[in-house]
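Me: I would like to learn how to read a protein model one feature at a time. Please give the general idea before each case.

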Amino acid sequence: MLLVNKGKSIGWNIDELKRSKENLGFNLITVMSSILRSWNEDGSNEAISEKDKGLINKAYLGLYHDFHGLAIQIDLIEHLHMNRKGSTIHKDCLYVSQVIENYFSNLRSIYDFMGSLLKLAVKKRLWGQFNFDSLNKLIEAVSNGKTVEKFPEKLNKQLLNIKDEFLYVRDRRDSIIHNGEIISVMTDESGYHIKSKCASSGKEEIVPLFDYLAERTNNMFKFGESIAQIIFDEYNNEYGEIELLIV
């Protein structure tokens with residue numbers, strides 16, 4: 001028996017992917033896989049240096065593995081809840097709080113990896129003018145009007161749209177990692193719960209953990225899917241059309 005628990009398969013069509021109950025498709029992974037694949041074929045893009053290709057490839061791999069990391073952490077939280085009255089009794093909430101720390105670290109790094117990939121949505125002559133290693137710096141540049149008529153209008157809009165969510169994730173991660181914030185985790189038969197500040201009132205409230213993490217994760221995925229289309233369109237315009245193979 002062969003068990004594949006981490007990998008990708010290429011060449012799907014949209015309808016097949018929608019019908020599948022075992023596979024997920026992210027357009028950002030599809031777009032980046034297709035671009036990287038085109039670099040390895042004859043007549044690959046020589047306008048981008050091998051050094052830059054290597055840096056972009058590293059960012060893609062980091063993103064790819066962090067996506068898997070999120071899935072593993074969610075599975076681990078489910079496993080801990082199912083076994084909370086067994087071998088992990090009285091310790092499961094401690095374990096879950098540690099997993100949440102890792103989850104926020106993964107989310108934070110995913111955003112920066114996305115920033116690195118956004119080089120491919122911008123004219124190459126502009127790469128040295130902006131810090132693509134930090135999504136925070138890109139958002140600051142857009143907010144300060146430095147990217148007007150330099151970045152595609154759709155990209156400027158998406159970076160502004162994700163600003164509040166990104167800053168929330170960044171600040172929560174920094175509070176945990178750098179400022180010693182203690183994550184309060186509670187549990188009952190329905191699952192784990194976490195203390196979180198309400199976005200509107202600023203007051204602390206107790207919310208279901210999976211709902212809370214789902215909101216953070218879905219906002220990140222929506223941003224990723226929006227920039228995927230921008231990267232694909234701008235890359236094709238700048239370097240010529242490539243074949244898109246759904247992953």
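**Reading the model**

Reply: Leu28 is a place to begin: this residue lies in helix H2, which spans residues 27-39. Helices (H or I, at least four residues) and strands (E, at least two) are DSSP runs, numbered from the N terminus. The model is predicted, so local features need pLDDT of at least 70 and side-chain atom pairs count only at pLDDT 80 or more, while totals for chains, interfaces and linings use all residues. Residues are numbered from 1 along each chain as its sequence is written, and side-chain values use heavy atoms, with hydrogens and water left out.

Me: Is Leu28 buried or exposed?

Reply: Buried means under 20% relative accessible area, exposed over 50%, and partly exposed in between (1.4 Å probe, protein chains only). Leu28 has 1% relative accessibility and therefore counts as buried.

Me: Which residues is Leu28 in contact with, leaving aside its neighbours within four places in sequence?

Reply: Contact means heavy atoms within 4.5 Å. With those neighbours left aside, Leu28 touches Leu63, Met114, Gly224, Glu225, Ala228 and Ile231. By contrast, 39 Å separates the C-alpha atoms of Leu28 and Ser87, which are 59 residues apart along the chain.

Me: How many residues has the largest nonpolar core?

Reply: In soluble globular proteins, nonpolar side chains tend to be buried together. A nonpolar core is a set of buried Ala, Val, Leu, Ile, Met, Phe, Trp, Tyr and Cys residues joined through side-chain atoms within 4.5 Å. Here the largest one has 66 residues, and Met114, Leu118 and Leu120 have the most contacts inside it. Elements that give two or more residues to this core include H2, helix H3 (50-82), helix H4 (92-117), strand E2 (191-197) and helix H8 (209-239). H8 gives the most, with twelve residues. As for Leu118, its contacts beyond four places in sequence are Phe132, Leu135, Leu138, Leu155, Leu159, Ile227 and Ile231.

Me: What is the order of the strands in the open sheet?

Reply: Two strands pair if DSSP finds at least two bridges between them. The open sheet has three strands in the order E1-E2-E3, paired antiparallel. Strand E1 (185-188) and strand E3 (204-208) are the edge strands, each pairing on one side only. From one strand to the next, the twist averages 30 degrees. Axes are lines fitted to C-alpha atoms, for helices over the stretch in contact, and angles run from 0 to 180 degrees between N-to-C directions.

Me: How many bridges join E1 to E2?

Reply: There are four, and the two strands run antiparallel. A hairpin of two residues links E1 to E2. Met186 stands opposite His193 in E2, and Val185 has Ile194 in E2 as its bridge partner. On the E3 side, E2 pairs over five bridges, again in the antiparallel sense; there Ile194 is partnered by Val207 in E3.

Me: Why is E2 described as largely enclosed by the rest of the structure?

Reply: Five of the seven residues of E2 are buried, which is why the description applies. H3 lies across E1 and E2, at about 120 degrees to E2. H8 packs on the sheet and touches E2 and E3, its direction making about 95 degrees with that of E3.

Me: At what angle do H3 and H8 pack?

Reply: Two packed helices are described by the angle between their axes and the distance between the axes. H3 and H8 pack at about 170 degrees, with their axes 12 Å apart. That makes H3 roughly antiparallel to H8. Angles under 35 degrees count as roughly parallel, over 145 as roughly antiparallel, 65 to 115 as roughly perpendicular and the rest as oblique. Phe67, Leu70, Ile74, Ile77 and Glu78 in H3 meet Leu209, Phe210, Leu213, Thr217, Met220 and Phe221 in H8. The residues of this contact divide into nine nonpolar, one polar and one charged. Ala, Val, Leu, Ile, Met, Phe, Trp, Tyr, Cys and Pro count as nonpolar, Asp, Glu, Lys and Arg as charged, and the others, Gly among them, as polar.

Me: Which residue has a positive phi although it is not a glycine?

Reply: Most residues other than glycine have a negative phi. Glu149 has a positive phi of about 65 degrees. Glu149 lies in the loop between H5 and H6 and is exposed, with a relative accessible area of 79%.
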